[in-house]
Amino acid sequence: MTELAAEALCHLLATRGLDHYDEEVTQLDHALQTAALAANDGAADELVVAALFHDIGHLLAPPAEGDDEHEKTGASVLAAAFGPAVAGPVALHVQAKRYLVAAEPGWAARLSEASRLSLALQGGPFTPAGAARFAALPAAADAIALRRWDDDAKVVGAPRPPIGYWQPTIDRVLAARAG
């Protein structure tokens, strides 16, 4: 079942990911660039898969009024197929943006215009206490890494491998999860 779910997610990304969602790049290009950045940094396979599918929630449900909470939608689906090592960073990648803006001077200036606008809908930067609570979460470090790649993966025309390139990585994560 998990192989079918992973195949369906890849198909969804390859077909519905051709649209733009407030950024200059398509959702597919953004996903592929994010995964490539993660892999180039030597991330674990689970984190590369999280990078590939971190915004899949945008494609799974229509946006609600205001912030669409795509991270929760995506994490829920990814947890069933890939488990917490993939779903955890995805669930927290929006909070990681709030953390980075609060914790690192100048991070907000690195955000795209669309990401700055969504930051306001997502609650704005964390307070110091909120940032500390976030940093203590088990998946926070991976979510922060994912967020860094996410913010850097919005380059029009950047080279990136096709979706099929990631199948062996997906297969390794699924095999490890199957035990």
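Which residues are linked in a network of salt bridges? In this predicted model, the network is made up of Glu 23, Arg 147, Asp 150, Asp 151 and Lys 154. The chain that holds these residues has eleven helices and zero strands.

**Overall fold**

- From the N terminus on, the order of elements is α-α-α-α-α-α-α-α-α-α-α, and the chain contains no strands.
- The radius of gyration of the chain is 15 Å, which agrees with the value near 16 Å that a compact globule of 179 residues would have.
- The C-alpha trace spans about 40 × 35 × 35 Å along its principal axes.
- Of the contacts between residues at least 6 apart in sequence, 71% join residues at least 24 apart.

**Burial and surface**

- Of the 179 residues in the chain, 49% are buried.

**Charged side chains**

- There are 13 positive and 23 negative side chains in the chain.
- The centres of the positive and negative sets lie 5 Å apart.
- Side chains of opposite charge can pair when their charged atoms come close.
- In this chain, the count of salt bridges comes to ten.

**Salt bridges between distant parts of the chain**

- Lys 154 and Glu 23 meet through their side chains in a salt bridge, with an N to O distance of 3.2 Å.
- This pair links distant parts of the chain, as Lys 154 is in the loop between helix H10 (140-152) and helix H11 (167-178), while Glu 23 is in the loop between helix H1 (2-16) and helix H2 (27-40). The two residues are 131 residues apart.
- Both Lys 154 and Glu 23 are buried.
- The side chains of Arg 160 and Asp 29 also form a salt bridge, at 2.7 Å from N to O.
- That pair likewise links distant parts of the chain, with Arg 160 in the loop between H10 and H11 and Asp 29 in helix H2, 131 residues apart.
- Arg 160 is partly exposed, with a relative accessible area of 30%, and Asp 29 is partly exposed as well, with a value of 22%.

- The side chains of Arg 147 and Asp 150 meet in a salt bridge with an N to O distance of 3.2 Å.
- Arg 147 and Asp 150 are separated by about one helical turn, because they are three residues apart in helix H10.
- Arg 147 and Asp 150 are both buried.
- Both residues belong to the network of salt bridges that also includes Glu 23, Asp 151 and Lys 154.

**Thr 169 in helix H11**

- Thr 169 lies in helix H11.
- With a relative accessible area of 8%, Thr 169 falls under the 20% limit and is therefore buried.
- Apart from neighbours within four places in sequence, Thr 169 is in contact with Asp 45, Val 48 and Val 49.

**Glu 3 in helix H1**

- Glu 3 lies in helix H1.
- Glu 3 has a relative accessible area of 59%, which is over the 50% limit, so this residue is exposed.
- Glu 3 and Val 173 are 170 residues apart in sequence, and their C-alpha atoms are 10 Å apart in space.

Key. Residues are numbered from 1 along each chain as its sequence is written. This is a predicted model: local features need pLDDT of at least 70, side-chain atom pairs count only at pLDDT 80 or more; totals for chains, interfaces and linings use all residues. Side-chain values use heavy atoms; hydrogens and water are left out. Helices (H or I, at least four residues) and strands (E, at least two) are DSSP runs, numbered from the N terminus. The radius of gyration is taken over C-alpha atoms; the globule rule is 2.2 Å times the number of residues to the power 0.38. Buried means under 20% relative accessible area, exposed over 50%, partly exposed in between (1.4 Å probe, protein chains only). Contact means heavy atoms within 4.5 Å. Lys and Arg count as positive and Asp and Glu as negative; His and the chain ends are not counted. The place of a charge is taken as NZ of Lys, CZ of Arg, CG of Asp or CD of Glu. A salt bridge is a side-chain nitrogen of Lys or Arg within 4 Å of a carboxyl oxygen of Asp or Glu.
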